[in-house]
Amino acid sequence: MARLLELTLNGRPRVDAVPDNRLLLDYLREAVGLTGTKTGCDGGECGACTVLIDDRPALSCLTLAATVGGKRVDTVESLVRAGTLSAVQRGFHEKLGSQCGYCTPGFVMASAGLLRRNPAPSEFEIRKALGSNICRCTGYVKIIEAVQHAASLLARGEAGAP
Ligand code: FES
Ligand code: FES
């Protein structure tokens with residue numbers, strides 16, 4: 001069975017017919033064409049598919065698209081505004097927080113969710129917020145530094161949004 005899904009996706013209203021059993025991850029990538037959100041484990045283990053639902057990080061591989069009706073969903077594509085990187089994107093870029101980059105959209109969205117709730121997190125709070133995300137390339141130190149750098153950019157007013 002299919003139903004009409006009405007949501008705000010990356011700041012814009014959108015309506016689509018979606019089958020009841022369609023995952024949010026598949027809806028974003030295949031129906032909408034937003035391929036920034038990655039499929040990793042496809043089973044809730046790696047965090048590569050993280051998006052924000054009403055500003056809270058969520059695993060799109062474990063979320064049915066039909067359950068986000070009336071909500072705001074933000075993917076990594078939403079972060080660049082007028083050609084300018086977000087604070088978190090700058091953090092990952094300037095502190096070399098990604099290597100192959102496959103996990104990066106998930107880390108970036110989990111970090112953006114954290115900084116929207118808590119713009120000045122401690123290292124412990126950053127580690128906790130990123131605890132559901134796995135990177136096979138890095139030792140996580142650069143990723144933590146990237147989020148700390150993003151928080152400093154926000155604190156100094158050098159970036160407008162996480
Ligand atoms: S693809 Fe969703 S947690 Fe790995
Ligand atoms: S940078 Fe390669 S998996 Fe994280």
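## Close-up views of a predicted model

View 1. Within α2, the buried residues are Ala87, Val88, Gln89, Gly91 and Phe92. What lies over them? The cover for the buried residues of α2 includes α3 and α5. Two of the buried residues in α2, Val88 and Phe92, come back in the next view.

**View 2. The largest nonpolar core.** This core numbers 26 residues. Those with the most contacts inside it are Val88, Phe92, Phe107, Val108, Leu115, Leu130 and Val147. Which elements give two or more residues to it? They are α2 (87–94), α3 and α5, and the most comes from α5, with 8 residues. As a general point, nonpolar side chains in soluble globular proteins tend to be buried together.

**View 3. Leu115 and its neighbours.** Leu115 is among the residues with the most contacts inside the largest nonpolar core. Which residues does Leu115 touch, once neighbours within four places in sequence are set aside? The contacts are Val88, Pro121, Val147, Ala150, Ala151, Leu154 and Pro162. Val88 and Val147, both in this list, are also named among the residues with the most contacts in the core. A separate core of 14 residues lies apart from the largest one, and its members include Leu5, Leu7, Tyr27 and Ala65.

**View 4. The aromatic pair.** The structure holds 1 aromatic pair. Its partners are Phe107 and Tyr140, with ring centres 6.2 Å apart and planes at 55°, so the pair is tilted. Phe107 belongs to helix α3 (residues 104–117) and Tyr140 to the loop between α4 and α5, so the pair ties together parts that are 33 residues apart in sequence. Are the two partners buried or exposed? Phe107 is buried, at 1% relative accessibility, while Tyr140 is partly exposed, at 28%.

**View 5. Asn133 and its surroundings.** Asn133 sits in the loop between α4 (123–129) and α5 (141–155). Its relative accessibility is 6%, so Asn133 counts as buried. Which backbone oxygens lie by polar atoms of its side chain? The backbone oxygen of Gly47 is 3.2 Å from a polar atom of the Asn133 side chain, and for the backbone oxygen of Gly106 the distance is 3.3 Å. Leaving out residues up to four places away in sequence, Asn133 touches Cys46, Gly47, Thr50, Gly106, Phe107, Ala110 and Tyr140. Both partners of the tilted aromatic pair, Phe107 and Tyr140, are thus found among the contacts of Asn133.

View 6. How many disulfides does a search of the whole structure find? The search returns 0. Cys46 has a relative accessibility of 14% and so counts as buried, whereas Cys137 is partly exposed, at 36%. Arg127 is found in helix α4 and is partly exposed at 40% relative accessibility. From C-alpha to C-alpha, Arg127 and Cys46 are 15 Å apart in space, and they are 81 residues apart in sequence.

**View 7. The hairpin of β1 and β2.** Strands β1 (residues 2–9) and β2 (residues 12–19) pair in the antiparallel sense over 8 bridges. The hairpin has 2 residues between its strands, and in the turn Asn10 has a positive phi of about 50°.

**View 8. Strand β3 with its two partners.** In β3 (residues 50–53), Thr50 and Leu52 point one way, Val51 and Ile53 point the other way, and all are buried. Which strands are joined to β3? Strand β4 (residues 56–59) is joined by 4 bridges and runs antiparallel to β3, and strand β5 (residues 72–74) is joined by 2 bridges and also runs antiparallel. Ile53 stands opposite Arg56 in β4 and opposite Val73 in β5. Between β3 and β4 the hairpin has 2 residues, and Asp54 takes a positive phi near 50°.

Note on methods. Residues are numbered from 1 along each chain as its sequence is written. Chains are lettered from A and ligands numbered from 1 in the order in which they are written. This is a predicted model: local features need pLDDT of at least 70, side-chain atom pairs count only at pLDDT 80 or more; totals for chains, interfaces and linings use all residues. Side-chain values use heavy atoms; hydrogens and water are left out. Two strands pair if DSSP finds at least two bridges between them. A disulfide is a pair of cysteine sulfur atoms within 2.5 Å. Buried means under 20% relative accessible area, exposed over 50%, partly exposed in between (1.4 Å probe, protein chains only). A polar contact is a pair of N or O atoms within 3.5 Å; within protein, one must be able to donate a hydrogen and the other to accept it, and residues adjacent in sequence count only if both atoms are side-chain atoms. Contact means heavy atoms within 4.5 Å. Rings of Phe, Tyr and Trp (its six-membered ring) pair if their centres lie within 6.5 Å; planes under 30 degrees apart count as stacked, over 60 as edge-to-face and the rest as tilted. A nonpolar core is a set of buried Ala, Val, Leu, Ile, Met, Phe, Trp, Tyr and Cys residues joined through side-chain atoms within 4.5 Å.
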